[in-house]
Every structure is written in structure tokens, then in C-alpha cells.
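Subject: Handing over a structure

Dear colleague,

I am passing on the structure below, and I would be glad if you could look it over. My notes on what was found in it come after.

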Amino acid sequence: MRIRFLEANNFRRFKDVEISFGEKNAFFGPNASGKTSILEAIYMLCWGKSFRTLRDSETIRWGENSGYIRGEFEGEDFLNIRVSLLPSSKRIQINGKNATRMSLIGKIPVFFLSPEELSMLDGPPKMRRDFLNKVLSQLDKDYLSNYRLYLKLLREKNAALSKGGRAIRVVEIINERLLKVSLYIWESRRKLLSYLSDDEMKIVYKPSGMRIEIALDSVKKALHGLVDKEIKRGYALFGPHLDDFDVLREGGFSYRRFASRGERKWVIWRIFSKIIGLFEKRERLPIFLVDEILSELDGVKANAVMEEMSAIRAQVFFTTLNKEHVRGDFRAFEVKDGEIRGYNR
Ligand SMILES: Nc1ncnc2c1ncn2[C@@H]1O[C@H](COP(=O)(O)OP(=O)(O)OP(=O)(O)O)[C@@H](O)[C@H]1O
Ligand SMILES: [Mg+2]
């Protein structure tokens, strides 16, 4: 699917804008001009909520009571999607009919890459797990359902563990159920990480934060062996909710500890670029939204990123501070003080 047209009214900085898009699109302009807000509007039309906030009403232009965004999408179908924003509610309409967020999800696959993901390398393990979940949920619906079930069982297990020794039987029953779901999650994550790993960027997976083998017997043993300790502590000490991974450069040194900022950005792009390759093997390509990947990269690397972006077989949107980054095959938009205009070189 592709978005051909966007209208934003009282959305973030924008009072009233209308934009027609091409296959490859670039937004350039100074800080706080509204570049990321455009990506956010496209994302909300595809995914039903923002990537920046859980409170939709925050996106209504300050001083206004309501706003809306509307997008026209083409592909397998024609879709006219409108998200109306009110201080305490939001309404989604697909082709003029009211719709739920769940019925919207999946209609227009979308993938967002943000500078915050830089912290994926050196931030807390949760950021790396969030990244794995984000990618795998988009690639595999069964992953998402297994992951949701895992979280539910984990909550039940922790509730039982908090009751102490009396709960041992219940914990063992839950553990049996956790086993199958955990193995699915581990195996999916292992496969993804081994696909992403190469000589330049070796990825070491640590299921449950350890270097263990993902096999029924070893996992069963570990789960079983920890029950007493878990009861003492009152919460689960083993499972995909504790997963982590490390990215190593040649020689085995961790990028987490030994990478310059530009290098870190480059590694993140390498990871994303491989993920894009995974999506490209599928029939339904997502719309790619790439926020600020180019700053801090030297000329050679920035060019390589641009070249790869223009070769992607899907619609691409990216933002940059520097208009020199925008190549000829991108439709360029200048964003300034909440105004957007097409830019002719
Ligand atoms: N609801 C709102 N109403 C009006 N302005 C808002 C609202 N929410 C955010 N803003 C402002 O809109 C501006 C644009 O934000 P945005 O993140 O889109 O900028 P940007 O061009 O991506 O900047 P940067 O280059 O720094 O990433 C910011 O100054 C922000 O404070
Ligand atoms: Mg921005």
C-alpha cells in the first residue's frame, strides 16, 4: 500500500496542510519545524496511534479543541482513512465508516525507524527486547499472539509466586504452559538475530539473559531448577522477558561499549537495512518511515544510506536537517514553522 495524499488539520504544529506524495519522499528543515510530526501523522493513519505518545489528544494543535488527519491510500484497495482527534477521544473512519483500531491494524503495514533506537545498542535490555518484539510482530502474527499469551502467563506466574511456598503446584502448572510459548518466542528471536548477524556485526543472543541453548530439555531443566529461588524472591527469574543480546565488532569487542556515535548509527542502519530485506521478500511491503538517520554519519556513509533507501521496493519517507542529503529521485518537501512546500531543485 502507498499513501498518495495527506491532509492534516490542527495536528501538532500544522494548522492546515495538504501534501501529495511520491514513491520516495524527503522532508528537510530546521529543528522543531514539524518533520517528525509528518511521519507521525502517516504512522497514526496506518497504525491507529502515535509512536510518540499514548495520549492522542496531545497531537491536537495547542489552543485548539479538535483536529484530524486524513490519508488516501492506494494498493490492493483504495482506502480513505481519517483519524479525528478530540480532547478525550479519537475516531477512526475507513472509507467514511466508523472503524475500530483493531480493524485498521494490518490494512497498511508500516515500519518506523527512529533515532531513539540508537539507544538499542547501549541502553537497557528492555530496549533490545522492544526492538525484537516490534520487528517480529510485524513479520509474524503468531509471534504477536504467542508474546501476548506469554505476558499473560507471566503475570499469573508472578501473582502465584508472590504468595510464597503455598503456590508451588500452581507455578509448576503455569511453567508447563509457559514452556511451549517461550520456545516459540525464543526460536523466533534466535532466527531473526542469526539472520542479522555477520562478520562485521556479530550478534550474540542471550535468552533469559544467559548463554543457554534453546532446546526443550535444557529449558525445562532451567525452569524447574529455579522454582525454589523464584518462590523465595517472589517473581519469575527465567524467560523471554529477560532476554538480551550483544552486538560485537570484529575481534569480539562490544559495540555497546566501544562505538562512536556515528558508528552506532551506522550499525543501527545495517540492522535496519537487513530487516528491510526481510520485509522485501514478502508480498505486502510496509511503508517505511525513517526519522533522522543521516545526522552524525560522514559523507560516504550518508550516501550509502541514501542509495539503499532509494533502492527499497516500497514507499519511503525520511527526514533530515540538511537538504544536501536529498537526492534527485526523492520528492523533496521543505518544512518550515509548520508550513510545508514542495521543493524544486
Ligand atoms: N500539539 C502541539 N501543538 C503545537 N505544537 C506542537 C504540538 N506538539 C508538539 N509541538 C511542537 O511542534 C514542533 C515540531 O516538532 P517535530 O518533532 O515535528 O519537529 P522536527 O522538525 O522533527 O524537529 P527535529 O529536527 O528537532 O527533530 C516542536 O517545537 C514541538 O514542541
Ligand atoms: Mg524530528
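Residues are numbered from 1 along each chain as its sequence is written, while chains are lettered from A and ligands numbered from 1 in the order in which they are written. Please keep in mind that this is a predicted model, in which local features need pLDDT of at least 70 and side-chain atom pairs count only at pLDDT 80 or more, whereas totals for chains, interfaces and linings use all residues.

The protein chain has 10 helices and 14 strands, these being DSSP runs numbered from the N terminus (helices are H or I with at least four residues, strands are E with at least two). Its radius of gyration is 22 Å, which agrees with the value near 20 Å that a compact globule of 345 residues would have; the radius is taken over C-alpha atoms, and the globule rule is 2.2 Å times the number of residues to the power 0.38. Of the 345 residues, 35% count as buried, meaning that 20 or more other C-beta atoms, placed from the backbone, lie within 10 Å of the residue's own.

The domain assignment gives domain 1 (2-114 + 287-342) and domain 2 (124-252), with bounds that come from an automatic or database assignment, and the C-alpha centres of the two lie 34 Å apart.

Helix 1 covers residues 35-47 and reaches 19 Å from its first C-alpha to its last, close to the 18 Å expected (1.5 Å times one less than its number of residues). Of its 13 residues, 12 are buried, including I38, L39 and Y43. After helix 1 comes G48, with a positive phi near 80°.

The largest nonpolar core has 68 residues, of which A41, I42, I287, L289 and V290 touch the most other members; such a core is a set of buried Ala, Val, Leu, Ile, Met, Phe, Trp, Tyr and Cys residues joined through C-beta atoms within 7 Å. Helix 1 supplies the largest share of this core, eight residues. Both domain 1 and domain 2 give residues to this core, so it lies between them. Another core, of 15 residues, lies apart from it and has Y147, A160, L178 and W186 among its members.

Best regards
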